[in-house]
Amino acid sequence: MTSIPRSSYSFTEQGRVQSVHPDRLSEAASIDANQDGALQEDEIAAYLERTDSMHDHEGHTIDKERVLTEFKFHLRKEVNPEVAGYPSYEDVAADLARLERTYPYLAERVSLGKTHEGRDIWALKISKGARCEDTKSRTGIVLTGCHHAREWMSVQPPLKVAHELLEGYATSPEMKRRVDNAEIWVVPLVNPDGYEYSRNEDNWWRKNRQPVGQDACGEATDAIGTDLNRNYASPDPQHAALYRPEGDTPCSTSDDFGWATSDYPHSDTFRGRTPASEPETQAMLGLELNRGNIKGVIDHHGYGEMVLYPWGHTDQPAPGQERLNEVGNRMNRAIGENEPFRVMQSSDLYPTSGTSDDILYAHGIFNYTLEIGRSFQPPVSQIGPISESVARANMVFIDEVMANGGVAR
Ligand SMILES: [Zn+2]
């Protein structure tokens, strides 16, 4: 849709007329369906559905009010005040360092790589004798958060699991068993540059912050950022179609696979110049595929209260789908009887390519995506309850992978 931006747009919030920030004028133009300069609530909602920021499929649990409120901070280019209750990158890095200092025998903080802006992608390796024993002989499990910058809540469950494992080690036989016999990697912030940008500059930011430079056709572009969860690719050429499905050519956006993976560098779901082009993607693949012992991964995202399992690139069932479904349902019951998530194949939400899930599953790694919360940045009062319930699902997953390993071959 092309419409020429006016010089101003406004919307009404709680009876008060608010102005759209000058930097958001062209976006406002595409929201303003009737071109009257005023963004009505239903126009904004329709835009969010169109751009997939407000899933409204049957059975989903979302908080529309809240999503609209969060989006309006973006339109005004204001910081979401909830940010004060969410940890910064530095806070998360310090928390992991503190856990390492407090439990030196059980935990080691490791940098998986550096981002474009020079931040370390921190992981905490949790395993008995973390810094002195060869823990690689144990079953490896990776728990990640925040591939997508604005999904602030997704940072929390991996952190919560780290705390529960380490703080419970001395008193809980269950926690001790996990730490003694598995090697658990917690990576709460896969996309620290994007996270900080969404905290300080634009709460609606999704991608990382590396300038694209050139698109897949070699055309220069001023676009910034790649959707990290469309940038995953297998080093094995036999899996090339998981990154770029057949018929989707690099030099065209009209043949893009589905509508949730794009070759357009300015798109929120831009898959990157080349397969696994981004430092964050490379850091995660280095851990997950190269280390050799990783059998299970949970990737936390926001939002919509769903337990998603592979495949995303096809609606065909993945091999071992029964197990994916059965374990997914057990994880769901651990989240809570009262507020169950929806358990389903990822492609049922929408088709995707270049996702962590599909690439890892093709390499024998059992995995899920958990879509947590009812908006990207839930009220701070919900951080505790959501983290606790989702951490329980993570424990079910850890036990399952410890008992039964990765994808059966
Ligand atoms: Zn996400």
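Author: What follows is a conversation about the terms applied to this structure and the values behind them. This is a predicted model, in which local features need pLDDT of at least 70 and side-chain atom pairs count only at pLDDT 80 or more, while totals for chains, interfaces and linings use all residues. Residues are numbered from 1 along each chain as its sequence is written.

Reader: Into which domains is the chain divided, and how do you know where the bounds lie?

Author: The chain is divided into domain 1 (10-78) and domain 2 (87-198 + 277-404), with bounds that come from an automatic or database domain assignment. Their centres, taken over C-alpha atoms, are separated by 31 Å.

Reader: How many residues of domain 1 are in contact with domain 2, and what makes a contact?

Author: Two residues are in contact if their C-beta atoms, placed from the backbone, lie within 7 Å. On that rule, nine residues of domain 1 are in contact with eight residues of domain 2. The side of domain 1 that touches domain 2 divides into two nonpolar, four polar and three charged residues, where Ala, Val, Leu, Ile, Met, Phe, Trp, Tyr, Cys and Pro count as nonpolar, Asp, Glu, Lys and Arg as charged, and the others, Gly among them, as polar.

Reader: Why are β4 and β12 said to stand at the edges of their sheet?

Author: Strands (E, at least two residues) and helices (H or I, at least four) are DSSP runs, numbered from the N terminus, and two strands pair if DSSP finds at least two bridges between them. The open sheet of eight strands has the order β4-β5-β7-β6-β10-β13-β11-β12, with mixed pairing. Because β4 (107-114) and β12 (342-345) each have a single partner strand, one side of each is left without a neighbour in the sheet. The twist from one strand to the next averages 20 degrees.

Reader: How do you know that β6 and β10 pair, and in which sense?

Author: Strand β6 (residues 139-145) and strand β10 (residues 294-301) are joined by six bridges, against the at least two required, and they pair in the parallel sense. Within this pair, leucine 143 stands opposite isoleucine 298 in β10.

Reader: What makes β1 and β3 a pair?

Author: Two bridges join strand β1 (residues 10-13) to β3, and the strands run parallel, which meets the requirement of at least two bridges. Phenylalanine 11 stands opposite leucine 39 in β3. Three strands form this open sheet, in the order β2-β1-β3 with mixed pairing, and the edge strands are β2 (16-19) and β3 (38-39), each of which pairs on one side only.

Reader: How is the packing of α10 against α12 described?

Author: Two packed helices are described by the angle between their axes and the distance between the axes. Helix α10 (residues 321-335) and α12 pack at an angle of about 145 degrees, with their axes 7 Å apart; axes are lines fitted to C-alpha atoms, for helices over the stretch in contact, and angles run from 0 to 180 degrees between N-to-C directions. By class, the contact of α10 with α12 has eight nonpolar, one polar and three charged residues.

Reader: Why is valine 396 called partly exposed?

Author: A residue is buried if 20 or more other C-beta atoms lie within 10 Å of its own, exposed if 12 or fewer, and partly exposed in between, with C-beta atoms placed from the backbone. Valine 396 has 17 such neighbours and therefore counts as partly exposed. Valine 396 is found in helix α12 (residues 383-404) and touches Arg330, Met331 and Ala334, not counting residues up to four places away in sequence.

Reader: Lysine 77 and alanine 276 have a positive phi; are they buried or exposed, or in between?

Author: Lysine 77 has 15 other C-beta atoms within 10 Å and is therefore partly exposed, whereas alanine 276 has 21 and is therefore buried. The phi of lysine 77 is about 55 degrees although this residue is not a glycine, and lysine 77 lies in the loop between α3 (64-76) and α4 (89-102). Alanine 276, also not a glycine, has a phi of about 50 degrees and lies in the loop between α8 (240-243) and α9 (279-290).
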